[in-house]
Amino acid sequence: MRLLLASPHDVVAVVTREDAPHGRKRVMTATPVAVEAEAAGVPVIRANRLAPVTDELMALEADLGVIVAYGGLIREPLLSAPRLGWINLHFSLLPRWRGAAPVQRAIIAGDRETGAAVFQLVPELDAGDIYATLRHPIGAHQTAGHLLAALAESGARLLADVVDDLAAGAAIAAAQRGEVTLAPKLALADGRLDWNATAAEVDARFRGTTPEPGAFTEFGSERVKVLDAVVAHGAARLAPGHVELRAGRVLVGTASDPVQLVTVHPAGKRAMPAADWWRGRPAGAGVVAS
(Lines give C-alpha, C1' and ligand atoms only; values in the text may rest on other atoms or scores of the structure.)
Protein backbone atom coordinates (compact mmCIF):
# COMPACT_ATOMS: atom_id res chain seq x y z
CA MET A 1 0.00 0.00 0.00
CA ARG A 2 2.87 2.38 0.73
CA LEU A 3 4.10 2.11 -2.86
CA LEU A 4 0.64 2.97 -4.21
CA LEU A 5 0.25 5.86 -1.78
CA ALA A 6 3.60 7.23 -2.94
CA SER A 7 2.75 6.77 -6.62
CA PRO A 8 1.10 9.36 -8.88
CA HIS A 9 -2.14 7.37 -8.75
CA ASP A 10 -5.05 8.66 -6.66
CA VAL A 11 -5.97 6.14 -3.95
CA VAL A 12 -9.63 7.01 -3.34
CA ALA A 13 -10.23 4.60 -0.42
CA VAL A 14 -8.80 1.61 1.41
CA VAL A 15 -10.85 -1.39 2.53
CA THR A 16 -9.57 -3.41 5.46
CA ARG A 17 -10.81 -5.67 8.22
CA GLU A 18 -12.76 -4.29 11.16
CA ASP A 19 -10.92 -3.40 14.36
CA ALA A 20 -10.41 -6.50 16.53
CA PRO A 21 -9.35 -7.24 20.12
CA HIS A 22 -5.61 -7.65 20.45
CA GLY A 23 -3.19 -8.64 23.18
CA ARG A 24 -3.78 -9.96 26.66
CA LYS A 25 -6.01 -7.01 27.54
CA ARG A 26 -8.04 -7.50 24.34
CA VAL A 27 -7.81 -3.86 23.32
CA MET A 28 -9.70 -3.05 20.12
CA THR A 29 -7.00 -2.42 17.55
CA ALA A 30 -7.07 -1.21 13.96
CA THR A 31 -5.28 -3.19 11.26
CA PRO A 32 -1.85 -1.89 10.17
CA VAL A 33 -3.43 -1.09 6.80
CA ALA A 34 -6.03 1.14 8.46
CA VAL A 35 -3.38 2.93 10.52
CA GLU A 36 -1.22 3.56 7.44
CA ALA A 37 -4.10 4.79 5.31
CA GLU A 38 -5.49 7.13 7.95
CA ALA A 39 -2.03 8.61 8.53
CA ALA A 40 -1.93 9.38 4.79
CA GLY A 41 -5.40 10.96 4.89
CA VAL A 42 -7.02 8.23 2.79
CA PRO A 43 -10.62 7.26 3.67
CA VAL A 44 -10.82 3.82 5.31
CA ILE A 45 -13.74 1.44 4.94
CA ARG A 46 -13.76 -1.23 7.65
CA ALA A 47 -15.56 -4.41 6.59
CA ASN A 48 -15.00 -8.13 7.10
CA ARG A 49 -17.22 -8.81 4.09
CA LEU A 50 -17.66 -6.68 1.00
CA ALA A 51 -21.36 -7.33 0.42
CA PRO A 52 -22.54 -4.87 3.11
CA VAL A 53 -20.37 -2.06 1.65
CA THR A 54 -21.00 -2.73 -2.04
CA ASP A 55 -22.96 0.47 -2.60
CA GLU A 56 -20.34 2.53 -0.79
CA LEU A 57 -17.54 1.05 -2.90
CA MET A 58 -19.41 1.44 -6.19
CA ALA A 59 -20.10 5.08 -5.38
CA LEU A 60 -16.35 5.73 -5.43
CA GLU A 61 -16.33 5.14 -9.22
CA ALA A 62 -12.74 3.90 -9.06
CA ASP A 63 -10.90 2.97 -12.25
CA LEU A 64 -9.23 -0.07 -10.63
CA GLY A 65 -9.64 -2.26 -7.58
CA VAL A 66 -6.56 -3.83 -5.96
CA ILE A 67 -6.75 -6.83 -3.63
CA VAL A 68 -3.95 -8.13 -1.38
CA ALA A 69 -4.63 -10.81 1.25
CA TYR A 70 -8.12 -9.55 2.08
CA GLY A 71 -9.86 -12.91 2.19
CA GLY A 72 -13.30 -11.68 1.16
CA LEU A 73 -15.05 -12.63 -2.07
CA ILE A 74 -15.89 -9.98 -4.64
CA ARG A 75 -19.13 -10.67 -6.46
CA GLU A 76 -21.19 -8.87 -9.05
CA PRO A 77 -22.07 -6.07 -9.45
CA LEU A 78 -18.96 -4.95 -7.54
CA LEU A 79 -16.64 -7.19 -9.56
CA SER A 80 -17.39 -5.31 -12.78
CA ALA A 81 -17.74 -1.85 -11.25
CA PRO A 82 -14.20 -0.47 -11.76
CA ARG A 83 -13.42 0.46 -15.38
CA LEU A 84 -10.34 -1.81 -15.33
CA GLY A 85 -11.81 -4.41 -13.01
CA TRP A 86 -9.89 -5.80 -10.04
CA ILE A 87 -6.38 -7.19 -9.80
CA ASN A 88 -5.06 -9.51 -7.10
CA LEU A 89 -1.54 -10.11 -5.76
CA HIS A 90 -1.28 -13.84 -5.02
CA PHE A 91 1.75 -15.54 -3.47
CA SER A 92 2.24 -18.50 -5.79
CA LEU A 93 3.12 -19.35 -9.37
CA LEU A 94 -0.43 -19.74 -10.61
CA PRO A 95 -2.13 -22.02 -11.42
CA ARG A 96 -0.18 -23.90 -8.73
CA TRP A 97 -1.61 -23.32 -5.27
CA ARG A 98 -4.85 -21.46 -5.86
CA GLY A 99 -6.46 -20.63 -2.54
CA ALA A 100 -5.94 -19.08 0.89
CA ALA A 101 -2.64 -20.69 1.96
CA PRO A 102 -0.36 -20.93 -1.10
CA VAL A 103 2.95 -20.31 0.69
CA GLN A 104 2.19 -22.72 3.50
CA ARG A 105 1.03 -25.46 1.14
CA ALA A 106 4.06 -25.01 -1.11
CA ILE A 107 6.46 -25.52 1.82
CA ILE A 108 4.52 -28.50 3.19
CA ALA A 109 4.56 -30.11 -0.26
CA GLY A 110 8.34 -29.74 -0.46
CA ASP A 111 8.35 -27.27 -3.35
CA ARG A 112 11.75 -25.70 -3.96
CA GLU A 113 10.36 -22.59 -5.64
CA THR A 114 7.36 -20.34 -5.35
CA GLY A 115 6.67 -16.75 -6.32
CA ALA A 116 3.97 -14.15 -6.78
CA ALA A 117 1.47 -13.37 -9.50
CA VAL A 118 -0.69 -10.35 -10.26
CA PHE A 119 -3.83 -11.45 -12.07
CA GLN A 120 -7.23 -10.21 -13.17
CA LEU A 121 -9.94 -11.13 -10.71
CA VAL A 122 -12.73 -13.33 -12.12
CA PRO A 123 -15.61 -15.18 -10.41
CA GLU A 124 -13.63 -18.45 -10.30
CA LEU A 125 -11.04 -18.88 -7.53
CA ASP A 126 -7.66 -17.37 -8.53
CA ALA A 127 -8.30 -18.29 -12.17
CA GLY A 128 -7.92 -14.96 -13.99
CA ASP A 129 -5.38 -14.01 -16.65
CA ILE A 130 -1.94 -13.09 -15.32
CA TYR A 131 -0.28 -9.71 -15.87
CA ALA A 132 3.07 -10.40 -14.20
CA THR A 133 4.90 -12.97 -12.10
CA LEU A 134 8.11 -13.28 -10.12
CA ARG A 135 9.92 -16.40 -8.98
CA HIS A 136 11.41 -16.95 -5.53
CA PRO A 137 13.39 -19.95 -4.22
CA ILE A 138 12.19 -21.57 -1.00
CA GLY A 139 15.12 -21.67 1.41
CA ALA A 140 15.88 -24.92 3.19
CA HIS A 141 15.24 -23.31 6.58
CA GLN A 142 12.56 -20.76 5.66
CA THR A 143 9.29 -20.88 7.55
CA ALA A 144 6.02 -19.71 6.04
CA GLY A 145 6.36 -16.51 8.06
CA HIS A 146 9.81 -15.78 6.65
CA LEU A 147 8.74 -16.51 3.09
CA LEU A 148 5.55 -14.46 3.29
CA ALA A 149 7.53 -11.46 4.55
CA ALA A 150 9.95 -11.74 1.64
CA LEU A 151 7.18 -12.11 -0.94
CA ALA A 152 5.25 -9.19 0.52
CA GLU A 153 8.21 -6.92 -0.27
CA SER A 154 8.93 -8.15 -3.80
CA GLY A 155 5.24 -8.68 -4.57
CA ALA A 156 4.39 -5.09 -3.65
CA ARG A 157 6.83 -3.82 -6.27
CA LEU A 158 5.39 -6.23 -8.84
CA LEU A 159 1.86 -5.03 -8.09
CA ALA A 160 2.84 -1.37 -8.31
CA ASP A 161 4.42 -1.98 -11.73
CA VAL A 162 1.23 -3.61 -13.01
CA VAL A 163 -0.85 -0.67 -11.77
CA ASP A 164 1.49 1.68 -13.66
CA ASP A 165 1.14 -0.41 -16.82
CA LEU A 166 -2.65 -0.53 -16.55
CA ALA A 167 -2.81 3.25 -16.15
CA ALA A 168 -0.62 3.66 -19.22
CA GLY A 169 -2.65 1.18 -21.26
CA ALA A 170 0.42 -1.03 -21.66
CA ALA A 171 -0.54 -4.02 -19.50
CA ILE A 172 -0.89 -7.39 -21.22
CA ALA A 173 -2.42 -10.41 -19.49
CA ALA A 174 -1.99 -14.06 -20.45
CA ALA A 175 -4.10 -17.09 -19.58
CA GLN A 176 -2.85 -19.38 -16.84
CA ARG A 177 -1.10 -22.53 -18.05
CA GLY A 178 -0.25 -25.73 -16.21
CA GLU A 179 -1.71 -28.08 -13.64
CA VAL A 180 -4.09 -26.56 -11.11
CA THR A 181 -3.43 -27.35 -7.44
CA LEU A 182 -5.43 -26.03 -4.50
CA ALA A 183 -4.24 -24.42 -1.27
CA PRO A 184 -7.14 -24.38 1.20
CA LYS A 185 -6.84 -22.48 4.47
CA LEU A 186 -4.92 -24.34 7.17
CA ALA A 187 -6.72 -25.65 10.24
CA LEU A 188 -5.17 -26.13 13.69
CA ALA A 189 -4.92 -29.87 13.01
CA ASP A 190 -2.64 -29.19 10.03
CA GLY A 191 0.13 -28.28 12.48
CA ARG A 192 0.33 -31.77 14.02
CA LEU A 193 3.74 -33.35 13.38
CA ASP A 194 3.63 -36.97 12.21
CA TRP A 195 6.73 -38.75 13.48
CA ASN A 196 6.07 -41.74 11.21
CA ALA A 197 6.92 -39.51 8.25
CA THR A 198 10.47 -38.83 7.08
CA ALA A 199 12.55 -36.08 8.65
CA ALA A 200 12.20 -33.99 5.49
CA GLU A 201 8.41 -34.28 5.65
CA VAL A 202 8.31 -33.41 9.36
CA ASP A 203 10.56 -30.42 8.73
CA ALA A 204 8.39 -29.25 5.82
CA ARG A 205 5.26 -29.56 7.95
CA PHE A 206 6.91 -27.60 10.78
CA ARG A 207 8.10 -24.80 8.50
CA GLY A 208 4.86 -24.63 6.55
CA THR A 209 2.74 -24.18 9.67
CA THR A 210 5.03 -21.71 11.44
CA PRO A 211 3.96 -19.27 12.77
CA GLU A 212 0.32 -20.01 11.89
CA PRO A 213 -1.52 -22.16 12.79
CA GLY A 214 1.56 -23.43 14.65
CA ALA A 215 3.30 -26.81 14.70
CA PHE A 216 2.71 -29.09 17.68
CA THR A 217 3.10 -32.58 19.04
CA GLU A 218 1.74 -34.44 22.05
CA PHE A 219 3.58 -36.28 24.78
CA GLY A 220 1.00 -38.38 26.55
CA SER A 221 -1.72 -35.91 27.50
CA GLU A 222 0.64 -32.93 27.19
CA ARG A 223 0.33 -30.79 24.06
CA VAL A 224 3.56 -29.02 23.14
CA LYS A 225 3.96 -26.32 20.51
CA VAL A 226 7.14 -26.61 18.49
CA LEU A 227 8.59 -23.14 17.88
CA ASP A 228 11.93 -24.16 16.40
CA ALA A 229 13.20 -27.48 15.08
CA VAL A 230 15.85 -28.75 12.66
CA VAL A 231 16.71 -32.05 11.03
CA ALA A 232 19.58 -33.71 12.93
CA HIS A 233 21.48 -34.89 9.86
CA GLY A 234 23.94 -37.67 10.63
CA ALA A 235 22.60 -38.42 14.11
CA ALA A 236 21.94 -42.05 15.01
CA ARG A 237 18.43 -43.02 14.10
CA LEU A 238 15.62 -43.45 16.58
CA ALA A 239 12.33 -45.28 16.25
CA PRO A 240 9.57 -42.96 15.00
CA GLY A 241 8.27 -40.90 17.93
CA HIS A 242 11.02 -42.06 20.30
CA VAL A 243 12.59 -39.15 22.23
CA GLU A 244 16.07 -38.94 23.71
CA LEU A 245 18.29 -36.24 25.17
CA ARG A 246 21.75 -36.57 23.60
CA ALA A 247 24.59 -34.13 24.30
CA GLY A 248 22.08 -31.46 25.27
CA ARG A 249 19.89 -32.00 22.21
CA VAL A 250 16.31 -33.29 22.31
CA LEU A 251 15.98 -35.68 19.38
CA VAL A 252 12.78 -37.26 18.10
CA GLY A 253 12.82 -40.27 15.81
CA THR A 254 11.22 -40.24 12.38
CA ALA A 255 11.15 -42.64 9.44
CA SER A 256 14.63 -41.35 8.54
CA ASP A 257 16.95 -38.97 10.43
CA PRO A 258 15.92 -37.66 13.86
CA VAL A 259 14.55 -34.16 14.24
CA GLN A 260 15.94 -31.90 16.95
CA LEU A 261 13.45 -29.90 18.98
CA VAL A 262 15.14 -26.56 19.68
CA THR A 263 12.46 -24.38 21.28
CA VAL A 264 9.07 -25.53 22.57
CA HIS A 265 6.06 -24.03 24.29
CA PRO A 266 4.37 -26.52 26.64
CA ALA A 267 0.69 -25.92 27.39
CA GLY A 268 0.24 -23.52 30.30
CA LYS A 269 3.93 -22.60 30.46
CA ARG A 270 6.32 -20.16 28.84
CA ALA A 271 8.33 -20.88 25.72
CA MET A 272 11.64 -22.52 26.61
CA PRO A 273 14.63 -24.42 25.21
CA ALA A 274 13.54 -27.97 24.44
CA ALA A 275 16.35 -29.39 26.61
CA ASP A 276 15.00 -27.51 29.67
CA TRP A 277 11.50 -28.80 28.98
CA TRP A 278 12.74 -32.37 28.60
CA ARG A 279 14.86 -32.28 31.76
CA GLY A 280 11.78 -31.24 33.69
CA ARG A 281 10.01 -34.44 32.73
CA PRO A 282 10.54 -37.92 34.25
CA ALA A 283 13.97 -39.31 33.36
CA GLY A 284 14.36 -41.58 30.37
CA ALA A 285 13.15 -41.76 26.82
CA GLY A 286 9.54 -41.58 25.77
CA VAL A 287 7.19 -41.66 22.84
CA VAL A 288 5.60 -38.62 21.25
CA ALA A 289 2.10 -39.20 19.95
CA SER A 290 1.73 -38.50 16.22
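Q: Helices are DSSP runs of H or I with at least four residues, and strands are DSSP runs of E with at least two, numbered from the N terminus. How many helices and strands does the chain have?
A: This is a predicted model: local features need pLDDT of at least 70, side-chain atom pairs count only at pLDDT 80 or more, and totals for chains, interfaces and linings use all residues. Residues are numbered from 1 along each chain as its sequence is written, and side-chain values use heavy atoms, with hydrogens and water left out. The secondary structure comes to seven helices and 15 strands.

Q: What percentage of the residues in the chain is buried?
A: Buried means under 20% relative accessible area, exposed over 50%, and partly exposed in between (1.4 Å probe, protein chains only). The chain has 290 residues. The buried part is 44%.

Q: How much of the accessible surface belongs to carbon and sulfur atoms?
A: Accessible areas come from the Shrake-Rupley method with a 1.4 Å probe; for residues, only the protein chains shown count as cover. The chain total is about 15400 Å². Carbon and sulfur atoms hold 54%.

Q: Among contacts between residues at least 6 apart in sequence, what share joins residues at least 24 apart?
A: Contact means heavy atoms within 4.5 Å. Pairs at least 6 apart in sequence form the set, and those at least 24 apart are the share asked for. That share is 58%.

Q: Why is α6 largely enclosed, and which elements do its buried residues pack against?
A: Seven of the 10 residues of α6 are buried, so the rest of the structure largely encloses the helix. They are Ala199, Val202, Asp203, Ala204, Phe206, Arg207 and Gly208. Their packing partners are α4 (102-108), α5 (144-168), β9, β10 (222-231) and β13 (259-266).

Q: Thr210 is found between α6 and β9; which residues does it touch?
A: Thr210 sits in the loop there. It counts as buried because its relative accessibility is 13%. Not counting residues up to four places away in sequence, it touches Thr143, Ala144, Gly145 and Ala215.

Q: Is Val162 buried or exposed, and what does it touch?
A: Val162 lies in helix α5. Its relative accessibility is 4%, so it counts as buried. Leaving out residues up to four places away in sequence, its contacts are Ile87, Val118, Tyr131 and Ala132.

Q: Which residues are linked with Glu38 in a network of salt bridges?
A: A salt bridge is a side-chain nitrogen of Lys or Arg within 4 Å of a carboxyl oxygen of Asp or Glu; the whole structure has 11. Arg46 and Glu38 meet in one at 3.1 Å, N to O. Arg46 counts as partly exposed at 30% relative accessibility, and so does Glu38 at 43%. The network links Glu38 with Asp19 and Arg46.

Q: Which strands hold Arg135 and Glu113?
A: Arg135 forms a salt bridge with Glu113, the closest N and O atoms being 3.1 Å apart. The pair links distant parts of the chain, 22 residues apart. Arg135 is exposed at 57%, whereas Glu113 is partly exposed at 36%. Arg135 is in β8 and Glu113 is in β7.

Q: Which helix holds both Arg279 and Asp276?
A: Arg279 forms a salt bridge with Asp276, with the closest N and O atoms 3.5 Å apart. Arg279 is exposed at 52%, while Asp276 is partly exposed at 39%. The two are three residues apart, about one turn, in helix α7.

Q: Asp126 and Ala247 have a positive phi; is each buried or exposed?
A: Asp126 has a phi of about 50° although it is not a glycine, and it lies in the loop between β7 (113-120) and β8 (130-137). Ala247, also not a glycine, has a phi of about 50° and lies in the loop between β11 (242-246) and β12 (249-252). With 10% relative accessibility, Asp126 counts as buried; with 85%, Ala247 counts as exposed.
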